Amino acid sequence: MARIIIGSYVVRFPLGGFQSWMLQWLLGFKRLGHEVYFVEKSGWQRSCYDPRTRTMGDDCSHGTAVFDRLLSSHGLEANWCYVDASGTYHGMSRERIETVFRDADVFIDHMRVCEWPEEASHVSMRVMVDGEPAYTQMHLDAKMAWAQNGVMEYDRYFSVGMNVGDSACSIPTAGKRWEPMLDPVVLSLYPHLPAPPDGPFTTVMNWQAIGPFEYRGTTYGSKDLEFPKFVDVPRRVNATMELALSGGAPARSQLIDAGWKIVDAHNATLTFDQWQRYIQASRGEFSVCKNYFVVTNSGAFSDRAAAYLASGRPVVMQETGFSAHLPCGRGLFGVRNVEEAAAAINEVQGDWENHSKWSREIACEHLDADKVLKNFLDHLGL
């Protein structure tokens with residue numbers, strides 16, 4: 001049994017999607033019989049987002065309460081620590097978490113800048129898992145923004161950009177070897193239930209999660225640059241198309257006029273349970289991807305799509321190069337333009353029962369946390 005510490009950001013952004021993403025890792029390792037802990041620091045002043053008031057501040061009470069309830073429901077209530085902007089420790093005490101670090105076998109960091117450099121220096125193996133391929137490597141390579149302050153060296157580097165380092169991918173390696181991996185999904189959290197016959201194709205979408213940035217003369221952006229290419233999808237399909245939307249989208253009336261049903265992403269997925277229910281009420285997912293995932297051929301595949309697939313909800317997603325790593329054409333489709341997207345959605349609608357079965361099979365074969373995380377630890381020699 002290994003002692004595993006995971007560093008990331010969830011308390012600061014306690015929305016259902018973030019809770020789901022981290023729960024897959026924590027519960028996945030626990031299911032494999034390992035001792036797992038979660039750690040997070042405030043990072044900067046006014047870094048905590050309160051989705052009830054939609055404001056940023058230093059009060060972490062909502063985030064810590066939400067995360068504690070979530071972990072407590074899975075027997076992990078004593079296995080987390082959050083350090084707020086004043087230096088106060090929540091969950092585990094400072095003394096306890098320092099002891100956990102000293103005895104840990106591996107520290108898995110989902111942050112681009114390590115928030116626990118002193119504590120992590122005592123761990124024999126330190127691993128970075130990059131969830132923003134292109135953005136991370138370009139900033140490291142150009143020593144931009146946070147990278148100018150220095151980044152702790154890790155022993156191993158992984159990325160959900162499964163093509164990073166491949167000749168077909170334009171993402172720089174920044175002098176590091178990036179090993180590919182898929183985000184895991186705990187299948188029992190997403191049971192394969194029947195979908196409403198009139199359920200919409202949905203996605204949970206942040207219009208501009210990261211603002212535009214420049215690298216070697218090229219400007220990159222988020223989903224705001226890719227969605228207009230697919231805005232006419234509702235007019236071409238025999239399905240209801242819905243967006244759970246946040247993040248400074250254009251006038252919703254423009255999207256509604258194009259045939260999209262719009263709901264508020266925060267209201268739809270405020271908690272993990274609401275996130276689950278939103279996916280289960282869907283007939284499938286259609287999603288565009290971040291511009292820097294697409295144009296670099298990153299191979300990125302989202303943990304959100306993994307949850308849809310596990311729930312037996314077919315996924316039609318803008319191609320990032322992920323089709324080189326996951327089977328497409330039955331239950332999962334990688335599409336490059338509006339014509340391909342419409343054809344895939346109509347194909348699913350015409351044979352939904354089979355595509356639903358095939359989507360669950362893809363999750364079982366390729367995304368199951370029991371397999372993904374065991375393989376991950378095997379690669380680390382743990």
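A pocket is here an open set of grid points with protein on both sides within 12 Å along at least five of seven lines, and its lining residues are those with an atom within 4 Å of a point. In the predicted model, the second largest pocket so defined is lined by 15 residues, of which Pro-180, Met-181, Leu-182, Val-372 and Asn-375 lie nearest its centre. Two or more lining residues come from each of strand 10 (178-180), helix 13 (352-367) and helix 14 (369-380), with helix 14 giving the most, namely 5 residues. The volume of this second largest pocket is about 310 Å³, and its lining comprises 7 nonpolar, 4 polar and 4 charged residues.

The largest pocket has a volume of about 1600 Å³, and among its 49 lining residues Tyr-9, Phe-18, Glu-132, Ala-209 and Lys-290 are the closest to its centre. The elements that each supply two or more residues to this lining are helix 1 (16-31), strand 8 (126-130), helix 5 (135-142), strand 12 (204-206), helix 8 (265-268) and helix 11 (303-310). By class, 26 residues of the lining are nonpolar, 13 polar and 10 charged.

The chain as a whole contains 14 helices and 19 strands. Its radius of gyration is 20 Å, close to the 21 Å given by the globule rule for 382 residues, and the chain is therefore as compact as a globular protein of that length. The C-alpha trace spans about 60 × 45 × 40 Å along its principal axes, and 59% of the 382 residues are buried. Of the contacts with a separation of 6 or more, 71% join residues 24 or more positions apart.

Key
Residues numbered from 1 in each chain as written. Predicted model: local features only at pLDDT ≥ 70, side-chain atom pairs only at ≥ 80, totals over all residues. Heavy atoms only, no water. 1 Å grid on protein atoms, 1.4 Å probe; cavity = no way out; pocket = protein on both sides within 12 Å on 5 of 7 lines; lining within 4 Å. Points joined across faces, edges and corners; volume = space filled by probe spheres on them. Helix = DSSP H or I, 4+ residues; strand = E, 2+ residues; numbered from the N terminus. Nonpolar A, V, L, I, M, F, W, Y, C, P; charged D, E, K, R; others polar. Rg over C-alpha atoms; globule rule 2.2 N^0.38 Å. Buried < 20%, exposed > 50% of the residue type's maximum accessible area, 1.4 Å probe, protein only. Contact = heavy atoms within 4.5 Å.
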